[in-house]
Amino acid sequence: MLANVFLKTLRDQRRSLMWWGIGLVALTSLTMAFYPAFSDAPDFDEIFEQMPEALTKMFAGEFTDLTSPEGFLNSQLFFFVVPLMFVIFAVLAGSAAIAGEEGAGTLSLLLTSTTPRWRVVVEKFGAVAVATLALALFLWLGLAAGAVAVDMDISLLGLAAASLSTALLAVAFGAFALALGCITGARGLSAGAASAVAIAAYFLNALAPLSDALTPLQKLSPFYYFIGADPLTNGLNALHAGVLLALTAAALGVAVLAFERRDLHG
Amino acid sequence: MSAVIQLEGLTKHYGSARGIVDLDLEVSEGEVFGFLGPNGAGKTTTIRLIMDLIRPSEGTARVFSLDARRDATLIQARTGYMPGELALYGGLTGIEMLKYAANLRGGVDWAFVEGLAERLDCDLSRPIGTLSTGNKHKVGLIHALMHRPELLILDEPTSGLDPIVQRELHRLLEEVRAEGRTVFLSSHILPEVESLCDRVGIIREGRLVTIQQVEALKESALSHLEFHFAAEVSADEFSSLPGVREVTAEGTVVRCTVSGSVDAVVKAAALHEVLDLVSHEPSLEQVFLAYYTGESGDAG
């Protein structure tokens, strides 16, 4: 695990990944334990529809059909809680990758050990991406196990598509946090600013449909490309996934260019 | 001899006063070069420019005739570096940290690493986070030496080391020199530089004040002698001796400031009964003073 920067960065994340994985499995199994109660009581849909639209939109988007497996999972997990956890994980990892090591001072030795700067950034990004995908695997396994346990009629492929879409969203924000770290060298700033943008993007996607004027702006939010095409029901939308990948590539490009140019702090 | 390090008009501006200005410097192959200056003078800035951790505002740095910026990784492959503010991976053991560094460099002779650890009396099996400052420093030194680099760049290498380990480091540097490799080390301690280096560059407030052979530096340095005589002795007996800059007499105690050799003063004092003799190492500020007052002979 110490053969190169990529593996070393993954090694650094192994404990954090384990705890996030445990938390995620706990969350999904607890949520799915409530599914039989929901599906046996169609009244839930009515109650949900009577709630203020802004409130339901804020935390469930268009997913107001609570009693179907897809509607339940989308509204209770995939719209809000799961992407929130993934984005936090990836933002923390992305901001730690360069700016964290810079703050700790260890980057001075790493950058004088014959690995070019661009490669350090790319390998560290690779580790963040792989760790996030591993988290998505935990999520998928947790959901699949849960679906079997509560006898939920849901496609395992759909679950995989939604889990992957979540990972793509999170990696994009992780790359954004990495880029901020590469530009500023400040870990806290990068994590904070990336989180703030993620929160704004979330609400833009969730609430823009409430206003005709704002509706077109929804497509500016990365969250739209994560959940807008409902990957749980329809499978991964290639175009939407492509947008998330393009955002990630752009952020990584900025990260490399910025880091190649600037003075190391400390 | 070819130049291993060549700095030309190297300048680094920071927002306010810090940084370095128009630094010209050449270090030849096989030379042990001391970079001497008080804290904050620009030693670390210069070293970080050479290592491509920061980039110059103006001027160029070349190492092995390669551009410090464009060919950084080629230079790094042949250079061992120890930063002044050493930070290692606290969660790794010494072995893990050094294996990681060795892997990044494409492998090193591990028996050599173990030999270094033994000589420096460094326990590599413990997590670095649990080591004392001195022991962390040893890991940093091994890290700099492990790939047998042609050039060693050490930023304040002996700070935090106990005297025994300092001596071992001096011996290691002697070996490096004997093998014809080049050392560039910074320090704010004059005697350390005197004992280790062939040539010394003195930097102050970002500017190179002078570059001298160590011998010349010693000659121009001031020493302070304090004689305790058995009886009262007049200051006049010393004031006109060669090299004497200042004499005060207080009863039986005479204090002299001497530049260069103290021979004449000691011989004059020996005419009386000397109860005690105290000699102070000249401080760095006093060496600077010798330059700025311009009474030290061939400055520059």
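**Note on chains A and B**

1. B:Asp52 counts as buried because its relative accessibility is 9%, where buried means under 20% relative accessible area, with a 1.4 Å probe and protein chains only. B:Asp52 lies in the loop between helix 1 (43-50) and strand 4 (58-63) of chain B.

2. This is a predicted model, in which local features need pLDDT of at least 70 and side-chain atom pairs count only at pLDDT 80 or more, while totals for chains, interfaces and linings use all residues. Residues are numbered from 1 along each chain as its sequence is written, and side-chain values use heavy atoms, without hydrogens and water.

3. The side chain of B:Asp52 makes a polar contact with the side chain of B:Arg55 at 2.8 Å; such a contact is a pair of N or O atoms within 3.5 Å, and within protein one must be able to donate a hydrogen and the other to accept it, while residues adjacent in sequence count only if both atoms are side-chain atoms. Leaving aside neighbours within four places in sequence, B:Asp52 is in contact (heavy atoms within 4.5 Å) with A:Arg117, B:Ala68, B:Arg69 and B:Ala72.

4. The contact between the chains takes 27 residues from chain A and 25 residues from chain B. About 2,300 Å² is buried between chain A and chain B, and carbon and sulfur atoms give 56% of that area, which is the accessible area (1.4 Å probe) lost on putting the two parts together, summed over both.

5. Across this interface the rule finds 2 salt bridges, each a side-chain nitrogen of Lys or Arg within 4 Å of a carboxyl oxygen of Asp or Glu. The side chains of B:Lys12 and A:Asp263 meet in a salt bridge at 2.4 Å, N to O.

Key. Chains are lettered from A and ligands numbered from 1 in the order in which they are written. Helices (H or I, at least four residues) and strands (E, at least two) are DSSP runs, numbered from the N terminus. Buried means under 20% relative accessible area, exposed over 50%, partly exposed in between (1.4 Å probe, protein chains only).
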